[in-house]
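Me: I have not seen this structure before. Please take me through the terms used for it.

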Amino acid sequence: MVDFFQNTIDGVMIGSSYGLLALGFTVIFGVMRRLNLSYGPSIMIGGYLGTVLYLNHGAGPLVVAGAVVLGAAIAGVYVERLCFAPMKAGAGIASMVSSFAIWMQLEQAAILVLPRHTYPFPPLATGATLEFGPFFVRIDHLIMLVCALGLAAAVQVTLYRTRFGLALRAIIGHPVAAHLVGINVRRAMLLAFAAASAIGGVAGFLVLAVDQQVTPMFGMWATLKGLIAMMIGGLGSVPGAVVGGLLLGVIETHSQWYFGPQFRDLIAYVVLFAFLVARPGGLFGRAPSPDITTPQKA
Amino acid sequence: MLDVSDLVTAYGKIEALKGVSLHVESEKITCLLGPNGAGKTTLMMTIAGILQPRRGSIRLGGTELVGLSPARIVARGVALVPENRLVFPQMSVLENLLAGAYQRSDKAEINVDVERMYTRFPHLRERHQQLAGTLSGGEQQMLAVARALMSRPRVLLMDEPSLGLAPLVVAEIFSIISELNRDGTTIFLVEQNAHMALQVAHQFFLMEQGRITFKGTPGQLAEDEVIQRAYLGTRRTAG
Ligand SMILES: Nc1ncnc2c1ncn2[C@@H]1O[C@H](COP(=O)(O)OP(=O)(O)O)[C@@H](O)[C@H]1O
Ligand SMILES: [Mg+2]
């Protein structure tokens, strides 16, 4: 029984990183109704920037964290300018395919700059733990959970209590009507994209600090985990992103405990598949609409 | 007030507007009639800055609007109530109104205007917290009009406000159009319902296949035989 609870706690902790990744994904998907496959690779670029500062200049965790977030945001803006801003309404597939191309480009760029497969990444709390009775929680995991809940709340407040949030929800509702009321749609989308990538950067920093290493494959990992968590939680739902992430983490740790590490991802994919079939909109989301620009019926 | 001259707007190679010129007079109701596919919505979207024209000019007072972003055009005093209303369905009625005032920063005045809208459209006050997507078609149209008015436009453009609405609701919309105009709002209205338009508008234009083919007063419109047959449904007399 202790094992069961410890595994669940671990799952929630790991899952909070998935939730953070899904949060950034959700902001992009919610506003644009488009999939950004380069989301993870943008974060990986931030991770490489952090590691370069750490290795060459001995930067501390705070500076590295800032570098990862900033690097991810800048890479995100680059992706938005190339794959999303130029695409016409309804060209969601074109955006997705070009974001895949940029994924490959970013991965190659990282390998060119730092050719070894792995580079060390500075730890955050060097694996220190807190004890709660029979249970253990890693401090860096706890920071991850606090960040996930805090940032999800911040996103929600921004969406529902600020002028910028009003603009984003207007764009989600009807991009053309958003233009018509005088919202600068392109600028709002770019800002949302940068903010989403920065959230991904926070997730990236925390995960890399736990792993204490960064590889070019981190991009793919981040895109995958964020995507799966978002699909489980609900397309375009902020609470859904976090819940989906936590759930994915719990499923993974239990699968690993009961069936062994080789089943960990397999079972996660089975659960994703089950969700896609039974609840295509995820736990909290609405089923995806064909396209955001489809006009309302009269 | 609003001067459109020699406007050409194309979708790819197909020109939907083939050199449109017209004039919207200050403090009047100007109505643009025309069959489906004539290019009326294209004209409205071009004026609002959503579509870029190939050539031609759109002047408000003395200012050229062509080339400005939609947001700038709203700031200059042009607001469009779009075809099919396009309210923000997942936002409350109040939030839709606040979005309409997005270009403004005078918070106190915005609240005064929200109150004005509630007075003019009592249904909206009752439902101010309801999501706009759950309103009836007529209520959504009222909301779309109120949202456009929230920017305090000098010219209000309306693209087929009666589309898909029940006759009673259409009558209500038209009485609101008259009322707004009596209070001094300049209105440029697209309609297919010529009967209703004849009761409120001061000036008419007819558009067919991307060109203006008629211009005149309500009297001239009612006298024109071709228009009578095509748009007012008068029975063709024998012989
Ligand atoms: N997005 C579009 N892409 C291509 N052609 C369009 C598009 N919108 C309208 N058209 C064409 O332009 C012409 C004018 O359309 P529109 O302005 O909607 O007419 P109206 O509002 O008078 O019914 C029509 O022939 C229509 O098929
Ligand atoms: Mg039309």
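**Strands, sheets and a ligand**

Reply: B:Ser5 has B:Ser57 in E4(B) as its bridge partner. This is a predicted model, in which local features need pLDDT of at least 70, side-chain atom pairs count only at pLDDT 80 or more, and totals for chains, interfaces and linings use all residues. Residues are numbered from 1 along each chain as its sequence is written, chains are lettered from A and ligands numbered from 1 in the order in which they are written, and side-chain values use heavy atoms, with hydrogens and water left out.

Me: Why are E1(B) and E4(B) called paired?
Reply: Two strands pair if DSSP finds at least two bridges between them. E1(B) and E4(B) are joined by five bridges and run antiparallel, so they meet that cut-off. Strands themselves are DSSP runs (E, at least two residues), as helices are (H or I, at least four), numbered from the N terminus.

Me: How do you know that E4(B) and E5(B) pair?
Reply: Two bridges join these antiparallel strands, and at least two are required, so they count as a pair. B:Leu60 has B:Thr63 in E5(B) as its bridge partner. In the hairpin of these strands, with two residues between them, B:Gly61 takes a positive phi near 60 degrees.

Me: Which strands make up the open sheet with antiparallel pairing, and in what order?
Reply: The order of its four strands is E2-E1-E4-E5 (chain B). Strand E2 (14–24) and strand E5 (63–64) of chain B are its edge strands, as each pairs on one side only. Strand E1 (residues 2–11) of chain B is joined to E2(B) by eight bridges, and B:Leu7 stands opposite B:Val20 in E2(B).

Me: What is the order of the open sheet with mixed pairing?
Reply: Its six strands follow the order E6-E7-E8-E3-E9-E10 in chain B. The edges are strand E6 (78–81) and strand E10 (211–216) of chain B. One pair in chain B is strand E7 (residues 155–159) with strand E8 (residues 186–191), parallel over five bridges. In E8(B), B:Leu189 is the bridge partner of B:Met158.

Me: What makes H1(B) a helix that packs on this sheet?
Reply: Contact means heavy atoms within 4.5 Å. H1(B) touches strand E3 (29–33), E6, E7, E8 and strand E9 (203–208) of chain B, so it is in contact with the sheet by that rule. Its direction makes about 150 degrees with that of E8(B); axes are lines fitted to C-alpha atoms, for helices over the stretch in contact, and angles run from 0 to 180 degrees between N-to-C directions. H1(B) also lies across E1, E2 and strand E4 (55–60) of chain B, at about 110 degrees to E1(B).

Me: Why is the atom pair of B:Tyr11 and ligand 1 called a polar contact?
Reply: A polar contact is a pair of N or O atoms within 3.5 Å (within protein, one must be able to donate a hydrogen and the other to accept it, and residues adjacent in sequence count only if both atoms are side-chain atoms). A polar side-chain atom of B:Tyr11 lies 3.4 Å from a nitrogen atom of ligand 1, so the pair qualifies.

Me: How much of ligand 1 does the protein cover?
Reply: Of the 560 Å² of accessible area that ligand 1 has on its own, the protein covers 56%. Such areas come from the Shrake-Rupley method with a 1.4 Å probe; for residues, only the protein chains shown count as cover.
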